[in-house]
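Here are my notes on the model you sent over.

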Amino acid sequence: MTEKTVRVGFSGDSKELKINPPDTSPPAWDLDSKLAVVGTNVPRVDGPDKVTGRAKYTYDINLPGMLYGRILRSPHAAAIVKSVDTAAAMKMPGVKALVFAFDESKIGEKKLRYAGDEILAIAADSPERADDAVRAVKIEYDPQPFVVDLDDAMKADAPIVNDGKSNVRGKNPRGDAAAVDAKLAGSSKKIEATFRTQVQTHSALETHGLVVAPDGDGIKVWASTQGVFSVRDGLSSNLGLKAEQVRVISTFVGGGFGAKFGPGVEGVLCTKLARQANAPVKLMLTRKEEHLAVGNRPNSLQKVKLGADSTGKLTAISATTFGTGGVGGGAGCTIPAIYNLNRDATYKAESDVFTNAGSSAAMRAPGHPQGIFAMEQSMDMLAYELGLDPLEFRMLNDDNPVRRAQFNLGAKEIGWPNRPKVAGGGKADGPLKRGMGVAGTLWYAGGGKDAKADVEIGKGGEVTVYQGAQDIGTGFKTVLAILVAEELGLKPEDITVRAADSRFPYGPGSGGSTTTPTVAPAVHAAAYAAKRKLFEALATTWQVKPDDISAKDGKVFVASDPSKSLPFKKACAALTADKVTGSADREANYDGYRGNTAGCQFAEVEVDTETGVVRVLRVVAVQDAGRIINKLCSESQISGGVIQGLSYALFEDRIMDKSAGKMVNANFMEYKIAGPKDCPEIKSIVLDVANGRNSVGAMGLGEAPVIPTAAAIANAIYNAIGVRIFELPMTPDKIIAALARKEGAKTA
Amino acid sequence: MRTNLADYECLTPGSVREALEQRATGRKLIPIAGGTDVMVWMNDGHLGKVGKVYQSLHALAGEWRYVKTDTEGNLRIGALATYSDVRHHEDVKKNYPMLVHSAQVTGAIQIQNRGTLAGNIANGSPAADTVPALMVYDAKLRLVNASGERVVELSEFFTGYRANVLKEEELISEIILPKPRFAADQQYYRKVGTREAQAISKVVFAGANDGKGNVRMAWGSVAPITLRSKKTEDAVAAGAAADDAWAILQTEITPIDDIRSTRDYRLKVSQRILADFLGKVHQ
């Protein structure tokens, strides 16, 4: 190892850093690196396949003799399975296999815990016959008491969902409640508020599902997944197969948002059906199953207290939160740590509450949109209480130089000084009133070890990158092409990308915004290694040292000798073998500029005070993600986050019938997601930050942009109409009710 | 949940006459026009196959898919005319702007290309978007059976939630709109939905005033049926102020809490739409 110096940061704040990378690593890109392809606008390499329909998603895989699987699910929120009679179903035409989702010997005592809980699966020769066969299974249920509502589940006499004496599972609180309360009491201004957020389902366009085909003594699997390798490992351990007996392919995936790791219950059932029938089985979930059974963002009930001194400096933060992830946990809200106070000034207590509903799953920045909705509205409340501009108040309390620069950029872009200075005091166009709001965000996606990559250069100049991880719609495949093109002096379209197959080098699951930051350094290093092999071959031909050779603008050349220059393809003819392969492992991160990423969003809304309809007119989203690999995809990733965040703010809501224990809008007719007409003008600004933690310096971008949107919109609504909405989604009836309360308070 | 369509019994008459003869046999036949409601109900599992027989009206398009103005100046909309047929028709665009508007905000383009106005009426959803507009235009329905026909007022067609005066042996053959009589700026249509497009209404309203004592106001999503608020109409025609009109309207509408909104919300929004309407038309 040799110590090297790199400059990290961004135009507004930079520093020099000593690093000790392994000698085999490519020279690290830093703030001063001049890159040709990285950071430019590169259209997706698989875009044409997607828009022309050539792309084959798991849904599109059809094999000869393929059967169709369908799952029978509990119609009850809680029930004991007394008996199961499958005789009639098995006699139906075309039915080939049936497997239970639980140990059959448990029939008589097996407890189903939510409407949608899996009972068994059937494979038949058409989807319709599988549906009919599922309907023909006769089950005797003994319905049990249940609870689906957060507040009801916290009551002492609530039916117990899992086990123990209570449905509430508190984690150890952080901080000293009494000390924080004392600080609050001594603060010159303080606010206290209770916030609620709803359950949101992932609602990826492509539902969960797989096609599993017996393949020799193993299986071949096409899966709609965020984790090619986690599906492989999950299925192989479940079935007692070796990892190499399971091949998983996920060439195209129609979104995941956090709910598609591992094979899932449906994956295990599909595989068992395929092995029982000894035929390929396709099992794709319906939209209804998707809403009920494969994950959601937990709801929340958050009690927040904030205090500030007379100069506007925060003095204390206290947050006590509850949330239900249904029969599962993971409902923490975390109150993300944008504003860092000392330990004795911060108190955070989180509890999971179990209910008889489908289990939560990680969803795009778990806990964060909930926590930021509460925290960033609380900040706004305190700013108004202090008589400070909400942006100025944040600047007073935010010591992150990146976010401070972003606040300034965003404020300029949205025209922050044009907002109403008094909440509700803006000029009205009939019943329509406008306002602006802001909220900050943060994320932690630096990636880490655990990725490999191969880059192959052929004698004819063909370049191929192999990486097993999946592209769930983020543009990951394009990232691979860009990195290799940069290192070899080529264009992204010159690179063939082979990804999303468990036979290729190991890659991570796409979670925590880590796919690009984890994989990019390995791909960069593999391209560098392949390039070194090409240079070594040329060095012999040209009688120079490999270090004298460069690759740029499609040429391979010796800078000091203009006679030694060849187009890339011709240069590759110097290879003695048919091809050379550069292979690399991801090195651990070293110290960098920052361990987290920052962002903020500004929203401008127009509220119809007669109907309560909120239109979001504009959102300015400023985000850092370390070094930007593809500006175009980064901006669209941010737009996607804003749209999903807006949809969470105004529309999406899993509605449970408390007395029936069932979801009443398990479809897209009544579970509304923002449509094109609901989308605002979105200005995405990526702030390129040379983060320096590895040779590439990229950070993740998948999650951060969804976090602050709802809070920014809520703050904009307050600015527009002088009424704060404490509960998501901010539907017209809540706005009208809040306005009526304000009117009532005025006249009373 | 899907099912094997081949297991369903579906009659496919080739002509209006054959369709009506099939209905005259006393069997309960569920008509399928565009199918945009039937298929949703079927997919949701609300329509079983046991004992249900469907009747596809697809082949009747030659006879029943039309939009035209007759010699007396009435607009006639055949039972198989789609939302798209209606919203793009020149006579409709010229004379019945609320019908164009209401067809535009119904579902998506795909729904508009398949769905029919007659089907929207027969389905009987109180949230139907075109029905308030049709009612304000004093639409009549021609109901036919194998031996004859009758004409009923649309405003008297619905008898309760998804219930109407149509008999088993009858089909709606056409919608008749009398000659236009409202000035363009005296017509008011408003849909308040969950989102900007492809959403079922929380409140939907159509209203018009001819300035000669004829006021029409029809409401959707605020009662078990789409209804004309005739008492409120009379009061407004007699010069009632907004507050008085609202007091009367509250005796005519009966909104509920449901999956899309609340009773309180629907009442408040109805009150404001009423006030807005009265402010924009002649008094």
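1. A quick word on terms before the interface: contact here means heavy atoms within 4.5 Å. On that basis, 30 residues of chain A touch 25 residues of chain B. Bear in mind that this is a predicted model, where local features need pLDDT of at least 70 and side-chain atom pairs count only at pLDDT 80 or more, while totals for chains, interfaces and linings use all residues; side-chain values use heavy atoms, with hydrogens and water left out. Residues are numbered from 1 along each chain as its sequence is written, with chains lettered from A and ligands numbered from 1 in the order in which they are written.

2. Now the area. Chain A and chain B bury about 2400 Å² between them, 57% of it on carbon and sulfur atoms (buried area being the accessible area, 1.4 Å probe, that two parts lose on being put together, summed over both). On the chain A side, A:E610, A:E670 and A:K672 lose the most, together 22% of what that side buries.

3. A:E670 turns up again in a salt bridge with B:R260, at 2.5 Å from N to O. The rule (a side-chain nitrogen of Lys or Arg within 4 Å of a carboxyl oxygen of Asp or Glu) finds three salt bridges across the interface of chain A and chain B.

4. Which elements of chain A give two or more residues to the side that touches chain B? They are α3 (127–136) and α17 (732–747), and α3(A) gives the most, with seven residues. Helices are DSSP runs of H or I, at least four residues, and strands are runs of E, at least two, numbered from the N terminus.

5. As for chain A as a whole, there are 17 helices and 33 strands. Its radius of gyration (over C-alpha atoms) is 28 Å, close to the 27 Å that the globule rule gives for 748 residues, so chain A is as compact as a globular protein of that length; the rule is 2.2 Å times the number of residues to the power 0.38. The C-alpha trace spans about 90 × 75 × 50 Å along its principal axes.

6. Of the 748 residues of chain A, 60% count as buried, meaning under 20% relative accessible area, with exposed over 50% and partly exposed in between (1.4 Å probe, protein chains only). A:A405, in helix α11 (residues 401–414), is partly exposed because its relative accessible area is 22%.
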